[in-house]
Amino acid sequence: MASFTSNTKMHLSLFVVLLLATTHTASSFSCLGSLMSLISCQSYVTSQNNFPPPRSCCNAVTRLNARLTTTLLRQEACVCFKDYTSRMTNINDEKISSLPQACGLVLGFQIGTDINCTAIP
């Protein structure tokens with residue numbers, strides 16, 4: 001059985017720490033976490049009525065928008081939401097595209113189920 005020296009253990013530990021740090025900072029977007037945070041918006045984007053989105057939905061959209069600080073994060077979020085909404089049969093495209101504006105946000109790009117995620121700035 002091979003024995004690790006103290007120096008080898010230290011290098012291995014440093015490698016693991018660097019690997020975890022790189023993995024964490026490369027993409028801090030969580031698709032599942034983001035979808036769960038926006039669950040209060042589901043009734044709005046699937047409804048046909050003209051009511052505004054719930055305050056809890058707008059709060060969640062605002063918090064998520066504040067966390068998407070880079071192009072990469074915005075594009076990852078786009079892919080996540082596009083994939084999720086493509087599996088929903090009762091999604092209202094008009095409601096999705098109007099959600100940011102209904103919550104008082106200006107994104108600088110349109111959102112919707114047919115968006116090209118790589119075009120998001």
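Biologist: How many residues does α4 have, and what span does it reach from its first C-alpha to its last?

Modeller: First, this is a predicted model, where local features need pLDDT of at least 70, side-chain atom pairs count only at pLDDT 80 or more, and totals for chains, interfaces and linings use all residues. Residues are numbered from 1 along each chain as its sequence is written, and side-chain values use heavy atoms, leaving out hydrogens and water. Helices are DSSP runs of H or I with at least four residues, numbered from the N terminus. The expected span is 1.5 Å times one less than the number of residues, and the 18 Å expected for α4 is close to what its 13 residues reach: 19 Å.

Biologist: Which residues of α4 are buried, and why do they line one face of the helix?

Modeller: Buried means under 20% relative accessible area, and exposed means over 50% (1.4 Å probe, protein chains only). On the other side of α4, R55, R63 and A66 are exposed. The buried ones fall within an arc of 160° down the axis of α4, going by directions from the axis to the C-beta atoms, so they line one face. They are C57, C58, A60, V61 and L64.

Key: Helix = DSSP H or I, 4+ residues; strand = E, 2+ residues; numbered from the N terminus.
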